[in-house]
Amino acid sequence: MPYTYLIQLYYILVTYPTYDFLLSYELVFKPFDIGSPAQTRIYFLHRLSSLSQYCNCCKNTVTAMDSSNDNSPQSVPYITSNNPLQFTIHLPNLNPNSTPNFTPISNPNPNSNSISDELLSLSIPRKRRRGRPRNLPLNQVYHNFPNSSNNLINSNFVGNLNAVRTITANDTLDEIIVINKEATTEALIALTAGFPADSLTDEEIEAGVVSAVGGIEQVNYILIRNHIISKWRENVSTWITKEMFIDVIPKHCSGLLDSAYNYVVSRGYINFGVAPVVKDRIPAEPSKGSVIIIGAGLAGLAAARQLMLFGFKVTVLEGRKRAGGRVYTKKMEGGNKVAAADLGGSVLTGTLGNPLGLLARQLSYTLHKVRDKCPLYRVDGKPVDPDLDQKVEAAYNLLLEKASKLRQLMGEVSQDVSLGAALETFRQDYDDGVNEEEMGLFNWHLANLEYANAGLISKLSLAFWDQDDPFDMGGDHCFLPGGNGRLVQALAENVPILYEKIGHTIRYGSDGVQVVAGGQVFEGDMAL
């Protein structure tokens, strides 16, 4: 096939990702009869990707330059939220009266380790073996970070979501602040708490933490937010106050400090748990409304403690005779010995950001690290050769990386293509020279991937199959000696729990809610 024709096909595929696919298939691809339309498109994207160096059209990123000055310098990057392969920052012109060009912004300290110089060029993650112990390094960065934090209320604030100060245009800043030289480290710590490294969460946007999304103000807010979270993570048994940051945050950013601090406290990202300093701040008498919480599992107990801290009256209804939900530690005694076994959730995954890992730190509990070594075995019971295991796993991760890059090229069309179709197309390149044992190992990885996603790869969307990756919290996988029931016991302390109350009806009215459980009716302002 002539190169010019290949380049034309590449131009159609990459430049027009929303081009009517069925029409393009009939006119362009059908003569080659490679397979289904989806497989054909993947095939050509794969085969033609090497031609990207000949096509300036292969990139969707356009650097906006000042049209009035052809010699104007390229803009300083600002944080973009839709670039999973690398972070490129361009700071937009914040003058509302100017044309929407990008102009360079000077950094007050060119040698600083600010977010504009460091938060960026972080690599795409590899898919490790699901279901096997693994350590996720903190330099893994993901994209499209959803956040499901409850919109809770802090008793120290005004009593509603307006506690998160809405920033006005008067707070607009024109330079990136420098807090310290640990901006990248602090961004990665915030990442383990569920915050994207380069953008705001939807909840932050809805709360109005900045006056406008994008630009320097947002960058400064992210720097301050990350710094607050990192400060608390240094010692999770302390109570972080806003006054601790007055000397390190420039005065002209006091509004952003208010906004960031109020947000992370009211949403329970800091100053939570079972440390004495936290328990001592629970009001003796509630000052807010009443909340009925259904279920005394870990989520219900954590929510109860947080709401009590915020000044709410809490009642927890639990159907069982115990707290903990799916976490249950069985105590066993015999021969003057005592042992504990977790019959439910047993492993604390990603203890760097896992709230249960933070609780263990507050309680000074020792965690037992799950060993990294977890070999595979053949059907005859013999261990798989480590070198062969590593080789196949590397090839498997390479195919996932190719699929991820393909997803970016395909744009919205990737939503209609399965991960299985993409991997099968790429795998065909490796058929030559692959023996039966290697193929068996590769298929194990595919099966393990299906196990992790609870579905066949032929049914997984290429666009969204890894959308839960942002919730990987980083760090070791650990066991808690004595069982996770120890954490349940600490969370349940002094929380009003009514056992054997199975809720079956919730009635909502203008004056609150009624929960029918265990033959009784419980009334409150809200139900959770």
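Two strands pair if DSSP finds at least two bridges between them. Helices (H or I, at least four residues) and strands (E, at least two) are DSSP runs, numbered from the N terminus. With these terms, strand 8 (residues 503-509) and strand 9 (residues 512-517) pair in the antiparallel sense over six bridges, and Gly503 has Ala517 in strand 9 as its bridge partner.

This is a predicted model, in which local features need pLDDT of at least 70, side-chain atom pairs count only at pLDDT 80 or more, and totals for chains, interfaces and linings use all residues. Residues are numbered from 1 along each chain as its sequence is written, and side-chain values use heavy atoms, with hydrogens and water left out.

**Overall composition**

- The protein has 15 helices and eleven strands.
- Of its 528 residues, 45% are buried, where buried means under 20% relative accessible area, exposed over 50%, and partly exposed in between (1.4 Å probe, protein chains only).
- Among contacts in the protein with a separation of 6 or more, 72% are between residues 24 or more positions apart; contact means heavy atoms within 4.5 Å.

**The open sheet and the helix across it**

- Four strands form an open sheet in the order 7-2-1-11, with parallel pairing.
- Its edge strands are strand 7 (497-498) and strand 11 (526-527), each of which pairs on one side only.
- Strand 2 (residues 313-317) runs parallel to strand 7 and is joined to it by two bridges; Val316 has Ile497 in strand 7 as its bridge partner.
- Helix 10 (residues 298-309) lies across strand 1 (290-294), strand 2 and strand 7, and runs at about 170° to strand 1. Axes here are lines fitted to C-alpha atoms, for helices over the stretch in contact, and angles run from 0 to 180 degrees between N-to-C directions.

**The hairpins**

- Strand 3 (residues 329-334) and strand 4 (residues 337-342) run antiparallel and are joined by six bridges.
- Lys330 has Ala341 in strand 4 as its bridge partner.
- Two residues lie between the strands of this hairpin of strand 3 and strand 4, where Gly335 takes a positive phi near 60°.
- Strand 8 and strand 9 are likewise joined by a hairpin, through two residues.

**Aromatic rings**

- Rings of Phe, Tyr and Trp (its six-membered ring) pair if their centres lie within 6.5 Å; planes under 30 degrees apart count as stacked, over 60 as edge-to-face and the rest as tilted.
- By this rule, there are four aromatic pairs.
- The pair of Phe195 and Tyr269 is tilted, because the ring centres are 4.5 Å apart and the planes stand at 50°.
- Phe195 lies in the loop between helix 5 (183-192) and helix 6 (202-207), and Tyr269 in the loop between helix 8 (254-266) and helix 9 (276-279), so this pair ties together parts that are 74 residues apart in sequence.
- Both Phe195 and Tyr269 are buried.
- Trp232 and Phe272 also form a tilted aromatic pair, at 4.9 Å centre to centre and with 45° between the planes.
- Trp232 lies in helix 7 (residues 216-234) and Phe272 in the loop between helix 8 and helix 9, so their pair ties together parts that are 40 residues apart in sequence.
- Trp232 is buried at a relative accessible area of 0%, and Phe272 is buried at 13%.
- A cluster of Phe195, Tyr263 and Tyr269 is linked by ring pairs.
- Arg486 lies over the face of Tyr365, at 3.8 Å from the ring centre; a charge sits over a ring if NZ of Lys or CZ of Arg is within 6 Å of the ring centre and within 35 degrees of the ring normal.

**Buried and exposed sites**

- Helix 13 (residues 419-427) is largely enclosed by the rest of the structure, because eight of its nine residues are buried.
- The buried residues of helix 13 are Leu419, Gly420, Ala421, Ala422, Leu423, Thr425, Phe426 and Arg427.
- Lys321 is placed in the loop between strand 2 and strand 3 and is exposed, with a relative accessible area of 67%.
- Leaving aside neighbours within four places in sequence, Lys321 is in contact with Tyr499 and Glu500.
- The C-alpha atoms of Lys321 and Tyr499 are separated by 5.3 Å, although these residues are 178 residues apart along the chain.

**Cysteines**

- The structure holds zero disulfides, a disulfide being a pair of cysteine sulfur atoms within 2.5 Å.
- Cys253 counts as buried at 0% relative accessibility, and Cys478 counts as buried at 5%.
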